[in-house]
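Please report on the pocket, the aromatic pairs and the nonpolar core of the structure shown here.

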Amino acid sequence: MPHTLMSDKVTDGIRVRAMATYLRDQSQPSENKFFFAYKIIISNEGTKRARLLSRHWVIINGNGDREDVEGPGVIGKTPNIAPGDAFEYTSFCPLNTDWGTMEGTYRMQREDGTVFDVVIGRFYLAMNAPWMAEAL
């Protein structure tokens, strides 16, 4: 199975696309500091509005060390996404190895109060990948 710097998953009508790229200018490989940017596009392909309440990331570096990151919203926002609309943002992930993975969930809520988790599929953060995306 080929590795990818991108993922694309749909849960309950909410599509999450994730793409990563290595930030060479901000990294210091000689000091085991590798910096990656990732872009997320959350599209509502369903028929009901959904608000993003919180996030849970699972980040695993090249040594297999796991870090869980949880918190409210994303980049300080809790977007309320109408059917047919999308919310897009870019964020960053530092690693102490030249590759790793990210995956997780977004906790979402419908207008009727229903709460559900949306899967963020695994994508790779990699310094020297031949399949590396050029830019976000």
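The model is predicted, with local features requiring pLDDT of at least 70 and side-chain atom pairs pLDDT 80 or more, while totals for chains, interfaces and linings use all residues. Numbering starts from 1 along each chain as its sequence is written, and side-chain values use heavy atoms, with hydrogens and water left out.

**Aromatic pairs**

Rings of Phe, Tyr and Trp (its six-membered ring) pair if their centres lie within 6.5 Å; planes under 30 degrees apart count as stacked, over 60 as edge-to-face and the rest as tilted. By this rule there are eight aromatic pairs. Two of them are set out in the table.

| Pair | Centre distance | Plane angle | Class |
|---|---|---|---|
| Tyr38 and Trp57 | 5.3 Å | 65 degrees | edge-to-face |
| Trp99 and Tyr124 | 6.3 Å | 20 degrees | stacked |

Strands here are DSSP runs (E, at least two residues), numbered from the N terminus. Tyr38 lies in strand S3 (residues 34-44) and Trp57 in strand S4, so this pair links distant parts of the chain, 19 residues apart. Both Tyr38 and Trp57 are buried, where buried means under 20% relative accessible area, exposed over 50% and partly exposed in between (1.4 Å probe, protein chains only). In the second pair, Trp99 belongs to strand S8 (residues 99-110) and Tyr124 to strand S9 (residues 115-126), so parts 25 residues apart in sequence are tied together. Trp99 is partly exposed, with a relative accessible area of 39%, whereas Tyr124 is buried at 17%. One aromatic cluster is formed by Tyr38, Trp57, Tyr106 and Phe123.

**Nonpolar core**

A nonpolar core is a set of buried Ala, Val, Leu, Ile, Met, Phe, Trp, Tyr and Cys residues joined through side-chain atoms within 4.5 Å. The largest one has 29 residues, of which Tyr38, Ile40, Ile42, Trp57, Tyr89, Tyr106 and Phe123 touch the most other members. At least two residues of this core come from each of strand S2 (14-22), S3, S4, S7, S8 and S9. Beyond its neighbours within four places in sequence, Trp57 has contacts (heavy atoms within 4.5 Å) that include Tyr38, Ile40, Tyr89, Tyr106 and Phe123. Glu67, Asp68 and Val69 are also among the contacts of Trp57.

**Largest pocket**

The largest pocket has a volume of about 310 Å³. A pocket is an open set of points on a 1 Å grid over the protein atoms alone where a 1.4 Å probe fits, with protein on both sides within 12 Å along at least five of seven lines; lining residues have an atom within 4 Å of a point. Its lining has 20 residues, and Ile59, Glu67, Val69, Cys93 and Pro94 are the closest to the pocket centre. Two or more lining residues come from each of strand S4 (50-61), strand S5 (66-72) and strand S7 (86-95). S7 gives the largest share, six residues.

**Two further residues**

Ser91 sits in strand S7 and is buried, with a relative accessible area of 17%. Apart from residues up to four places away in sequence, Ser91 touches Phe36, Ala37 and Tyr38.

Phe34, in strand S3, is buried with a relative accessible area of 6%. Outside four places in sequence, the contacts of Phe34 include Tyr22, Cys93, Pro94, Leu95 and Met127. Phe34 and Thr105 are 71 residues apart in sequence and 24 Å apart in space, C-alpha to C-alpha.

How values were computed. Grid points are joined across faces, edges and corners, and a volume is the space filled by probe spheres set on the points. Helices (H or I, at least four residues) and strands (E, at least two) are DSSP runs, numbered from the N terminus.
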